[in-house]
Amino acid sequence: MYDYDLLVVGSANADLVIGVERRPAAGETVLGGDLAVHPGGKGGNQAVAAARLGARTALLARVGDDAHGRLLLDAQRAAGVDTAGVLVGGAPTGVALITVDPAGDNSIVVSPGANARLTPADVRKAAGLLRASRVVSAQLEIPLETVVEVVRNLADGSRFVLNPSPPQALPAEVLAACDPLIVNEHEARVLLGGDGASGEPADWAALLLARGPRSVVVTLGAAGALVCDSSGVTRVPSVRVDAVDTTGAGDAFTAALAWKLGSGAALPAAAAYAALVGAAAVTRRGAQESYPTAAEAEALGARGGDR
């Protein structure tokens, strides 16, 4: 019996968000709206998203002993996330600088801060959390060596989900553990290198699967997603909504997918539910505060999105 449906091992950042009429080009200065500070980070986002949906969720992360760190801890606890694995100190809390344009598209620069100090030793010390978790999710806003240590300490029978963001080359043992590897179009191209310069997303999914993951999901924004495993490639349609802010939508998708897979759903069904949750998230501003409850996601699904 697992104590947690999902353990998220990853980053926790303070998101500093400014709305702009258009995102600046190189060397250009643009004026924006008022600065808003929100709890974020890919790890923190995924944990909150899963907990909002009803998953028993824990977070293994590191924050600074500062105001941003306290903001992040408060947000996790308010969502129902178990924060026993959140370590405090070692560096200032990570910060993400985010600009959002009127179409809801964003550009993000991350200063890792304490996230870069989440070490393999921290993972080994948290072995009890790993053994108690049905699914473990990670991202790459923490050191890759720490993600490698997560893979080496997975409990027998647990499932590992990875969103390699920001993308970088992955060792074979990490790829082999992914079930699934979740990438957007940019991440897929980076991981594939020259192999991703041409072809369609379905080709990318198959090429990535050939590199060792047990399954692959390629998210395509408003075009939905593709899932790929040994049975082939399946397209998952999008849910039509009026997007307000896409910040954190991919994290909502990943969290929902991981939770549904842990509950026994097949990959296409889990991805369809994740698409619904991601669509609900983009209808509100911010990241964590935009995440729906299970009832809200189901209500959107019952309406068929915004027709």
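Where is the place of proline 180? Here are some notes to read alongside the model.

1. Before we dig in: this is a predicted model, where local features need pLDDT of at least 70, side-chain atom pairs count only at pLDDT 80 or more, and totals for chains, interfaces and linings use all residues. Residues are numbered from 1 along each chain as its sequence is written, and side-chain values use heavy atoms, with hydrogens and water left out.

2. Back to the opening question: proline 180 sits in strand β10. Helices here (H or I, at least four residues) and strands (E, at least two) are DSSP runs, numbered from the N terminus. With a relative accessible area of 0%, proline 180 is buried. For that word the cut-off is under 20% relative accessible area, while exposed means over 50% and partly exposed is in between (1.4 Å probe, protein chains only).

3. What does proline 180 touch, leaving aside its neighbours within four places in sequence? Its contacts (heavy atoms within 4.5 Å) are Phe160, Val161, Leu162, Ser215, Val216, Val217, Leu257, Leu261 and Leu267. As for leucine 87, its C-alpha atom is separated by 27 Å from that of proline 180, and the two residues are 93 residues apart along the chain.

4. The partners are arginine 159 and aspartate 179, at 3.2 Å from N to O. Arginine 159 belongs to strand β9 (residues 159–163) and aspartate 179 to strand β10 (residues 178–184), so this pair links distant parts of the chain, 20 residues apart. Aspartate 179 is buried at 15% relative accessible area, whereas arginine 159 is partly exposed at 23%.

5. How many salt bridges does the structure hold? There are 10. The general idea is simple: side chains of opposite charge can pair when their charged atoms come close. One of the bridges joins the side chains of aspartate 101 and arginine 23, at 3.7 Å from N to O. Aspartate 101 lies in the loop between β6 (94–100) and β7 (106–111), and arginine 23 in the loop between β2 (13–19) and β3 (36–40), so the pair ties together parts that are 78 residues apart in sequence. Aspartate 101 is buried, at 13%, but arginine 23 is partly exposed, at 32%.

6. Another bridge brings together arginine 22 and glutamate 28, at 2.5 Å from N to O. Here arginine 22 is partly exposed at 48% relative accessibility, and glutamate 28 is partly exposed too, at 26%.

7. Now for helix packing. Two packed helices are described by the angle between their axes and the distance between the axes. Take α1 (residues 42–53) and α9 (residues 249–262): their axes come within 8 Å and cross at roughly 55 degrees. These axes are lines fitted to C-alpha atoms, for helices over the stretch in contact, with angles running from 0 to 180 degrees between N-to-C directions. That makes α1 and α9 oblique to each other. As for the cut-offs, angles under 35 degrees count as roughly parallel, over 145 as roughly antiparallel, 65 to 115 as roughly perpendicular and the rest as oblique.

8. Which residues make this contact? From α1 come Lys42, Asn45, Gln46, Ala49, Ala50 and Leu53, and from α9 come Asp251, Ala252, Thr254, Ala255, Ala256 and Trp259. Sorted by class, they give 7 nonpolar, 3 polar and 2 charged residues. In this scheme Ala, Val, Leu, Ile, Met, Phe, Trp, Tyr, Cys and Pro count as nonpolar, Asp, Glu, Lys and Arg as charged, and the others, Gly among them, as polar.

9. Helix α5 (residues 144–152) is worth a look as well. It is largely enclosed by the rest of the structure, because 7 of its 9 residues are buried. Those buried residues are Leu144, Thr146, Val147, Val148, Glu149, Val150 and Val151. Their cover includes β1 (4–9), α3 (120–125), α4 (127–131), β8 (133–139), β9 and α6 (172–177).

10. Last stop: glutamine 76, in helix α2 (residues 67–79). Is glutamine 76 buried or exposed? Glutamine 76 is buried, with a relative accessible area of 3%. Not counting residues up to four places away in sequence, glutamine 76 touches Gly44, Ala47, Val48, Leu59, Val81, Thr83 and Gln288.

How values were computed: A salt bridge is a side-chain nitrogen of Lys or Arg within 4 Å of a carboxyl oxygen of Asp or Glu.
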